[in-house]
Amino acid sequence: MKNSVLLMSVGVLAIVLGIVALVYPFAASITATLFVAWSFVIMGLLQVFAAFRAETTGAKIVGILLGLIATVIGVHIIGEPLKGLLSLTLIAGILFLVSGAFKLGFGLLNFQGSARLALVLSGVISIALGLMVLNNFPQSATVLLGVLLAIELLSNGVSAFALGLAVRKIDSENPA
């Protein structure tokens with residue numbers, strides 16, 4: 001019973017935060033940017049520390065350099081979140097295009113039937129999203145990451161709430 005209440009509570013919280021992110025997409029975009037920046041800092045520092053455990057000198061040097069680069073990128077984005085927001089939006093648009101092209105090509109060349117249709121449709125949607133982001137760049141930067149964050153929060157919230165309901169049903173059918 002406790003697990004179902006916790007899951008449903010987390011689900012409701014995520015749904016509320018997703019709605020807030022949809023209402024305030026610029027603030028959510030800045031929040032997402034800062035989250036990514038802090039992730040770079042933390043992962044970069046962990047990479048530096050992990051590099052000291054590498055067996056070879058070359059692996060240590062590469063690990064330290066990659067960790068320092070990630071840390072510097074994160075610190076730079078924290079210091080200039082609007083520039084970071086622009087950079088991340090540009091990268092997102094390019095990733096949409098590239099992943100869409102790969103899905104489209106892979107679907108057309110390797111599958112038949114419904115699998116082909118699903119991959120081709122997904123590829124076309126990703127390409128369209130990429131074109132929309134890049135065609136409206138830099139204006140798209142003010143809302144894109146916030147809307148993506150909102151969709152993720154809403155999706156996670158609905159699934160957590162549904163999982164909580166399923167756990168509650170299982171618990172009621174199988175009392176301990």
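Reply: What follows takes several labels in turn for this predicted model and sets each value against its cut-off.

Me: Why are helix 2 and helix 4 called roughly perpendicular to each other?

Reply: The axes of helix 2 (residues 25-51) and helix 4 (residues 81-110) cross at roughly 90 degrees and come within 9 Å. Angles of 65 to 115 degrees count as roughly perpendicular, and helix 2 and helix 4 are therefore given that description.

Me: Which residues make that contact between helix 2 and helix 4?

Reply: On the side of helix 2 the contact is made by Phe26, Ser29, Ile30, Thr33, Leu34 and Val36, and on the side of helix 4 by Pro81, Leu82, Gly84, Leu85 and Leu88. By class, the residues of this contact divide into eight nonpolar, three polar and no charged.

Me: What makes the pair of lysine 83 and glutamate 80 a salt bridge?

Reply: The closest N and O atoms of lysine 83 and glutamate 80 are 3.6 Å apart, and the rule asks for a side-chain nitrogen of Lys or Arg within 4 Å of a carboxyl oxygen of Asp or Glu, so the pair qualifies as a salt bridge. By this rule the count comes to one salt bridge.

Me: How do you know whether lysine 83 and glutamate 80 are buried, partly exposed or exposed?

Reply: Lysine 83 has a relative accessible area of 49%, and glutamate 80 has one of 33%. Buried means under 20% and exposed means over 50%, with partly exposed in between, so lysine 83 is partly exposed, and glutamate 80 is likewise partly exposed.

Me: Why is threonine 71 counted as buried, and what does threonine 71 touch?

Reply: Threonine 71, which is found in helix 3 (residues 57-79), has 12% relative accessibility, and because buried means under 20%, threonine 71 counts as buried. Not counting residues up to four places away in sequence, threonine 71 touches Phe40, Val41, Gly44 and Leu45.

Me: What makes phenylalanine 35 count as exposed?

Reply: Phenylalanine 35 has its place in helix 2, and its relative accessibility is 61%. Exposed means over 50%, so phenylalanine 35 counts as exposed. Phenylalanine 35 and threonine 71 are 36 residues apart in sequence, and their C-alpha atoms are 13 Å apart in space.

Me: What does helix 5 (residues 113-135) give when its span is set against the expected value?

Reply: Helix 5 has 23 residues and reaches 32 Å from its first C-alpha to its last, close to the expected 33 Å. Val120, Gly123, Ser126, Gly130 and Val133 are buried in helix 5, and the buried residues of this helix pack against helix 4 and helix 6 (144-173).

Me: Why is glycine 123 called buried?

Reply: Glycine 123, found in helix 5, has a relative accessible area of 0%, and since buried means under 20%, glycine 123 is called buried. Leaving aside neighbours within four places in sequence, glycine 123 is in contact with Gly100, Lys103 and Leu104.

Me: Why is serine 4 called buried, and which residues is serine 4 in contact with?

Reply: The relative accessible area of serine 4 is 0%, under the 20% that the label buried requires, so serine 4 is buried. Serine 4 lies in helix 1 and, leaving aside neighbours within four places in sequence, is in contact with Gly164, Val167 and Arg168.

Key:
Residues are numbered from 1 along each chain as its sequence is written. This is a predicted model: local features need pLDDT of at least 70, side-chain atom pairs count only at pLDDT 80 or more; totals for chains, interfaces and linings use all residues. Side-chain values use heavy atoms; hydrogens and water are left out. Axes are lines fitted to C-alpha atoms, for helices over the stretch in contact, and angles run from 0 to 180 degrees between N-to-C directions. Helices (H or I, at least four residues) and strands (E, at least two) are DSSP runs, numbered from the N terminus. Angles under 35 degrees count as roughly parallel, over 145 as roughly antiparallel, 65 to 115 as roughly perpendicular and the rest as oblique. Contact means heavy atoms within 4.5 Å. Ala, Val, Leu, Ile, Met, Phe, Trp, Tyr, Cys and Pro count as nonpolar, Asp, Glu, Lys and Arg as charged, and the others, Gly among them, as polar. Buried means under 20% relative accessible area, exposed over 50%, partly exposed in between (1.4 Å probe, protein chains only). The expected span of a helix is 1.5 Å times one less than its number of residues.
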